[in-house]
Amino acid sequence: MSSIPLSCSTTIAAVSQFSSRPNNHHKTRTHKFEVRCNSQNDETAPANKIDRRILLLGIGGLYGAANLASADHSPAFASPISAPDISKCTRGTNLNTQQPLDVNCCPPVSEKIINYKLPPVKTMRFRPAAHLAGKEYIAKYEKAVELMKALPDDDPRSFKQQANVHCAYCNLTYEQTGDSDTKLQVHNSWLFYPWHRWYLYFYERILGKLINDPTFGLPFWNWDHPDGMFMPDMFARKGSPLYNPLRNPNHFPPAITDLRYFGQEAADQSKVIQNNLVEMYGAMVRNVSKLEDFYGARYVTGTKPDPGAGSVERGSHTAMHVWVGQATPTGEDMGNFYSAGREPLFFSHHANVDRLWSLFRGLRSGSKPRDFPDSDWLDSNFLFYDENAQLVRVRVADTLENEKMGYTFQKVDLPWLKSRPTARVKKSKAAANSKAANAAETKFPVKLDKVVQVLVDRPKKSRSKKDKENEEELLVIEGIEVDTAKFVRFEVFVNDEDDKPSELIDKAEYAGCYSQVPHKNSTKVKSKIRLGLTELLEDLDVEDDDQILVSLVPKAGGEDITIGGIKIIYAA
Ligand code: C2O
């Protein structure tokens, strides 16, 4: 068993050689990444870990604090999400049926809670790419899952209880500690990566313990690499404990996974692999120069569920959930949060999401930290049962380095790093000829039951290289209201003059997407997405334009989506 770090000391000039533009433009931005290994997280620890409550009081007393806090609808005394009181768990509900279906996914209650300390790493666990795993490994993994399924249902380590963990945290069965009016949801916010990392961590350790193998690591579904873009064979064999009949029957091998899946098969299958790579490039590189755009929106005590998902979560992650689940409104098992944890493939899907997080942290531009230096994130905490069936409290701050948590990933190529798209039409003033209304004059909210096109003003133009380094230009689509019990998806294109978005999905005009896995909601949810534009505008050669034409193209459930507004902002 070897432990291979993600990748060491390689500097990748990811972009310049793939840009189709003649390289004579002084404003062209290139990404230079240093992929580092064994990086210490000291530099990413909160530099100014001042208690936010004290800070708010210091600025303007109580009154000032209330004013400040109203901006993100969080209470004045913002505090990190704290582990829920699991004894108050209520039933989860699958709302998207004729008759709402109650599901009891509450965990066993335990009086004793241990504050979890990461154990010293003696042997590193190794997570292989599922499609590269050998016979021996697969047999071991099957054995472990079989033993987990054989545990009594009330054992918190049983497969059934492990599946329930996802339902309970993701289907609004818990109230937030400190705000009993608000439900806890770990998706569609900055809790997405760390919560799922802990979930897999204990799942993996339970499996390892059952087969008495401290090196056991979960296989990751390498759907970001062409060789891994199909359901891994080990999950597709009838009779295996890794098999699940509740899947879309059309998506067993050799069907190619579609990271832009919208509930229908892509018209041109020969393009899906390339589209997938462009999707990954956007989600990992192009649209995420600001941390929030990768991780998701701020979420603290009092924040309503679903404030905004990061790029991978709402894009490829959601697509693969829905692609695996049945093509029914409820989408069991993978295509609905209440049932996703019942799908053995879920854990390999999320092992890949987890790996993408580690890769993102390793793709550093200079020495900038790639975690929020914010105690409201780092101090967030959750409860899980560990491999010894003890209830433990775990913190986000302990999740930052997978190696410190005792596992590494098999190293594979990252072809998406070189998949910067080119423009279909490259010319300035393209938006000037459009008859679309200006966003400022458009009456929002608008329903997305058809393609919506608006012109959006750019408050700053002809920005220098330095301006671009200092501030990312972001397209913000806000006040997004959806029926969260349904699968919805829309895509965003810039300067799509000919109104042929289907021809653009692997082109630079594609700016990103919104989509979500069906789940229970409580109140009306208002979400937003932010799409980095700096590189896109260079690719289209429109840096000097006053406006861009934005097309919002509904792909699934458009009649259940409304948009509250569109604007361009600059984030330092
Ligand atoms: Cu908790 Cu991919 O979902």
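Axes here are lines fitted to C-alpha atoms, for helices over the stretch in contact, and the angles between their N-to-C directions run from 0 to 180 degrees. The exercises below apply this to a predicted model.

**Exercise 1. How are helix H3 and helix H4 oriented to each other, and which residues meet between them?**

Step 1. Helix H3 covers residues 159–170 and helix H4 covers residues 192–210; the two pack at an angle of about 175 degrees, with their axes 11 Å apart.

Step 2. Angles over 145 degrees count as roughly antiparallel, and H3 and H4 are therefore roughly antiparallel to each other.

Step 3. From H3, the residues Phe 159, Gln 162, Ala 163, Val 165, His 166, Tyr 169 and Cys 170 meet Trp 195, His 196, Tyr 199, Tyr 203 and Ile 206 of H4.

**Exercise 2. Check the span of H3 against its number of residues, and describe how far the helix is covered.**

Step 1. The expected span is 1.5 Å times one less than the number of residues, so the twelve residues of H3 should span 16 Å, and the 17 Å between its end C-alpha atoms agrees with this.

Step 2. H3 is mostly covered, since eleven of its twelve residues are buried; among them are Gln 161, Asn 164 and Cys 167.

Step 3. Just after H3, Leu 172 takes a positive phi of about 60 degrees.

**Exercise 3. Is Tyr 203 buried or exposed, and which residues is Tyr 203 in contact with beyond its neighbours within four places in sequence?**

Step 1. Tyr 203 is found in helix H4. Buried means under 20% relative accessible area, and Tyr 203, with a value of 0%, is therefore buried.

Step 2. Once neighbours within four places in sequence are left aside, Tyr 203 is in contact with Met 148, Phe 159, Gln 162, Leu 218 and Phe 347.

Step 3. Tyr 203 and Asp 386 are 183 residues apart in sequence, while their C-alpha atoms are 8.2 Å apart in space.

**Exercise 4. Describe the crossing of helix H5 and helix H7, and the residues that meet there.**

Step 1. The axes of H5 (residues 272–286) and H7 (residues 311–324) come within 9 Å and cross at roughly 160 degrees, which makes H5 roughly antiparallel to H7.

Step 2. The crossing in which H5 passes H7 is left-handed.

Step 3. Glu 279, Met 280, Ala 283 and Met 284 of H5 meet Ser 311, Val 312, Gly 315 and Ser 316 of H7. The residues of this contact of H5 with H7 divide into four nonpolar, three polar and one charged.

Terms used: Residues are numbered from 1 along each chain as its sequence is written. This is a predicted model: local features need pLDDT of at least 70, side-chain atom pairs count only at pLDDT 80 or more; totals for chains, interfaces and linings use all residues. Side-chain values use heavy atoms; hydrogens and water are left out. Helices (H or I, at least four residues) and strands (E, at least two) are DSSP runs, numbered from the N terminus. Angles under 35 degrees count as roughly parallel, over 145 as roughly antiparallel, 65 to 115 as roughly perpendicular and the rest as oblique. A crossing is left-handed if the near helix is turned anticlockwise from the far one by less than a right angle, and right-handed if clockwise. Contact means heavy atoms within 4.5 Å. Ala, Val, Leu, Ile, Met, Phe, Trp, Tyr, Cys and Pro count as nonpolar, Asp, Glu, Lys and Arg as charged, and the others, Gly among them, as polar. Buried means under 20% relative accessible area, exposed over 50%, partly exposed in between (1.4 Å probe, protein chains only).
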